[in-house]
Amino acid sequence: MGGTFDPIHNGHLRTAVDILDGYHYASLRLIPCFQPVHKRQPSITPQQRLDMVKLAISSHDGLLVDDREITREGPSYTADTLRDIRAEIGPDEPLVMVLGMDSFLSLPTWHNWQDLIKYAHLFVVSRPGWEPDLISELSSFSENYRAASPHELQCKPSGLVWFETLTPLGISSSMIRSLARKDKSIAYLLPEPVQNYIEKNQLYR
């Protein structure tokens, strides 16, 4: 599960835990990007964003932090990341990439996006009641690779797409940044160690 995590918050973490526990995965890696390709460059450093992810998951054994995009530097292309992970775990281990529906809708603009399915399954999370119209390229892609059930994703290494509806927490990173800039409380929107890190280092001010 990749992202800018600027900063990581309870919405990210709740989705991660729901997927980890609901589908009995061995672990879930959170992979902060170094340089987002489709978003503005964060105002804080990649290392600070990585530090906050580490703080956020420190008390949950099933959640892991993967710093490969931070240490690789340069534009963070998901195809490169999945190819690296696949090389590490071998050809037979199931690998699942979690992404939101908004990211899925933008896939045709991603670098080598059609290679993603070669390395991993795609687990697409959507909000209840949101049924977006897919452009023809994505529609055919979805139908060609759609899994019959989420459990299929654990029976083969890669090559399937699963759409799941989860109720998200109404929290966003932009909300937290805005509150911090206005010197308003960000309590209970993100883990307390992350809140303390932001306040100690005067981030987003």
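Predicted model: local features only at pLDDT ≥ 70, side-chain atom pairs only at ≥ 80, totals over all residues.
Colleague: Then what about β2 and β3, how many bridges join them?

Modeller: Strand β2, residues 28-32, is joined to β3 by 3 bridges, and the two strands run parallel. If you want a pair to find in the structure, L30 stands opposite V65 in β3.

Colleague: Why do you call β2 largely enclosed?

Modeller: Because 4 of the 5 residues of β2 are buried, the strand is largely enclosed by the rest of the structure. The cut-off behind that word is a relative accessible area under 20%.

Colleague: Changing topic, how many salt bridges does the structure hold?

Modeller: There are 11 salt bridges in the structure. As background, side chains of opposite charge can pair when their charged atoms come close.

Colleague: Take D66, which residue does it form a salt bridge with?

Modeller: D66 pairs with R29, and their closest N and O atoms are 2.9 Å apart. The pair links distant parts of the chain, with D66 in the loop between β3 and α3 and R29 in strand β2, 37 residues apart. At 7% relative accessibility D66 counts as buried, whereas R29, at 26%, counts as partly exposed.

Colleague: What about E88, where does it sit and where is its partner?

Modeller: E88 is in helix α4 and its partner R68 is in helix α3, 20 residues apart, so this pair too links distant parts of the chain. The closest N and O atoms of this salt bridge are 3.0 Å apart. E88 is exposed, with a relative accessible area of 54%, while R68 counts as buried at 14% relative accessibility. Salt bridges that share partners join R29, D66, R68 and E88 into one network.

Colleague: You also had D6 on your list; which residue does D6 pair with?

Modeller: D6 forms a salt bridge with R40, where the closest N and O atoms are 3.8 Å apart. Here D6 lies in the loop between β1 and α1 and R40 in the loop between β2 and α2, 34 residues apart. D6 is buried, with a relative accessible area of 5%, but R40 counts as partly exposed at 46%.

Colleague: Staying at D6, is the peptide bond from D6 to P7 cis or trans?

Modeller: The bond from D6 to P7 is cis, with omega near 5°. That deserves a second look, because most peptide bonds are trans. P7 is found in the loop between β1, residues 2-3, and α1, residues 10-22.

Colleague: Which residue has a positive phi although it is not a glycine?

Modeller: E73 is one of them, with a phi of about 60°, and D183 also has a positive phi of about 60° without being a glycine. Most residues other than glycine have a negative phi. E73 is found in the loop between α3 and α4, and D183 lies in the loop between α8 and α9. E73 is partly exposed, with a relative accessible area of 48%, and D183 is exposed, at 57%.

Colleague: Last one, is S158 buried or exposed?

Modeller: S158 is buried, because its relative accessible area is 14% and buried means under 20%. Its place is in the loop between α7 and β6. Leaving aside neighbours within four places in sequence, S158 is in contact with several residues, including R86, Y119 and H121.

Definitions and conventions: Residues numbered from 1 in each chain as written. Heavy atoms only, no water. Buried < 20%, exposed > 50% of the residue type's maximum accessible area, 1.4 Å probe, protein only. Pairing = 2+ DSSP bridges. Contact = heavy atoms within 4.5 Å. Salt bridge = Lys/Arg side-chain N within 4 Å of Asp/Glu carboxyl O.
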